[in-house]
Amino acid sequence: MNESMRFAIGSIIVGLLIFGIKYTAFVMTGSIAFLSDALESTLNIASAIAAAAALYMSHKPADHNHPYGHYKAEYFAAVLEGVLIVLAAIFILREAYLGFLNPPHLEASPEGLALNGIATVINASWAIALGRIGRKHRSPALVADSKHIMTDVYTSIGVFVGVALVFATGWVHFDPALAVLVAVNILWSGWKLVRESIGGLMDEAAPEGEQDALRKLISKYGEGAIEAHDLRTRHAGHVTFVDFHLVVPSQLSVQDAHEICDRIEEGIAKDMPGARVTIHVEPEHHAKHKGIVVV
């Protein structure tokens, strides 16, 4: 089992633990905001399960029906998480509306507040670790899960402060008002995750910084060629697909041209693990005199 999968399974366990702690805090206080915070944790569990399934699928080797591999499976997990976020936000808004009409009686429970605080600390620590692993392995599913958990952390901090204000001021409408803020925050988080995931499914180009790095690597390792042009990139999970046209001198043999291509591919693979490179070789009269000049 690789590191990404271990962390995905760890997210399921942590999510269950956090839900249990937060729900206990709700039972001890009767706070709708605490309930909404606990319900958001169920999304963490669902998204962690989806991330683990997507990671398993994305690492399956290419086959006859999927010659480019299964890398995009991780984006579907992130889209599913966005849908779950919307559904949870609608439920929380409904609970907040009912709370405004009939404010609940809150129990002043320092233990309940303390439990919510403990859950927040655990969540924050896990989100930081998960984000680090997700970026290390370029995993959209783990990065999305990390962002969602960190949103949960910010939400929990707001809820903690709000419920404390209810106990301090006696104004019970603080509780449903904070539940509304939780719902809005969840919706915003879900929108960002869905937008980023759809970008991956729509074959968005790699970030400009990554494309600049590719141009430098092609120039660095392309000795013997004349230029490269029509560079195209797309992300698919933790893999970046790269293709471009490489112009070589017309008198160059096929063997020599192939060696240049091998050198470029090996150089890119060394500096950018996860890149899949396809090179179309052209004779020099196809040069466009623009793009990447080989030094």
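In which helix does serine 11 lie? Serine 11 is part of helix α1, which covers residues 3-29. The model is predicted. Its chain holds eight helices and four strands, and its radius of gyration is 25 Å, whereas a compact globule of 295 residues would have one near 19 Å.

**Chain as a whole**

- From one end of the sequence to the other, the elements follow the pattern α-α-α-α-α-α-α-β-β-α-β-β.
- The C-alpha trace spans about 85 × 35 × 30 Å along the principal axes of the chain.
- Buried residues make up 49% of the 295 in the chain.
- The chain has an accessible surface of about 14,500 Å², and carbon and sulfur atoms account for 65% of that surface.
- When contacts between residues at least 6 apart in sequence are taken, 76% of them join residues at least 24 apart.

**Second largest pocket**

- The volume of the second largest pocket is about 170 Å³.
- Its lining consists of Tyr68, Arg232, Thr233, Arg234, Phe241, Val242, Asp243, Arg276, Val277 and Thr278.
- By residue class, the lining of the second largest pocket has four nonpolar, two polar and four charged members.

- Beyond the neighbours within four places in sequence, the contacts of serine 11 are Ala48, Trp126, Leu130, Asp145 and Ile149.

**Proline 207, between α6 and α7**

- Proline 207 sits in the loop that runs between α6 (174-201) and α7 (208-221).
- Proline 207 counts as partly exposed because its relative accessibility is 46%, which falls between the 20% limit for buried and the 50% limit for exposed.
- Threonine 233 is 26 residues from proline 207 along the chain, and the C-alpha atoms of the two are separated by 9.2 Å.
- Thr233 is also one of the residues that line the second largest pocket.

**Tyrosine 221, in helix α7**

- Tyrosine 221 is placed in helix α7, the helix that spans 208-221.
- With 13% relative accessibility, tyrosine 221 is under the 20% cut-off and so counts as buried.
- Apart from neighbours within four places in sequence, tyrosine 221 is in contact with Ile260, Arg263, Ile264, Gly267, Lys270 and Asp271.
- Methionine 57 lies 164 residues from tyrosine 221 in sequence, and their C-alpha atoms are 34 Å apart in space.

- The phi angle of aspartate 230 is near 55°, a positive value in a residue other than glycine.
- Is aspartate 230 buried, partly exposed or exposed? Its relative accessibility is 35%, so aspartate 230 counts as partly exposed.

Key:
Residues are numbered from 1 along each chain as its sequence is written. This is a predicted model: local features need pLDDT of at least 70, side-chain atom pairs count only at pLDDT 80 or more; totals for chains, interfaces and linings use all residues. Side-chain values use heavy atoms; hydrogens and water are left out. On a 1 Å grid over the protein atoms alone, a cavity is a set of points where a 1.4 Å probe fits but cannot get out, and a pocket is an open set with protein on both sides within 12 Å along at least five of seven lines; lining residues have an atom within 4 Å of a point. Grid points are joined across faces, edges and corners, and a volume is the space filled by probe spheres set on the points. Ala, Val, Leu, Ile, Met, Phe, Trp, Tyr, Cys and Pro count as nonpolar, Asp, Glu, Lys and Arg as charged, and the others, Gly among them, as polar. Helices (H or I, at least four residues) and strands (E, at least two) are DSSP runs, numbered from the N terminus. The radius of gyration is taken over C-alpha atoms; the globule rule is 2.2 Å times the number of residues to the power 0.38. Buried means under 20% relative accessible area, exposed over 50%, partly exposed in between (1.4 Å probe, protein chains only). Contact means heavy atoms within 4.5 Å. Accessible areas come from the Shrake-Rupley method with a 1.4 Å probe; for residues, only the protein chains shown count as cover.
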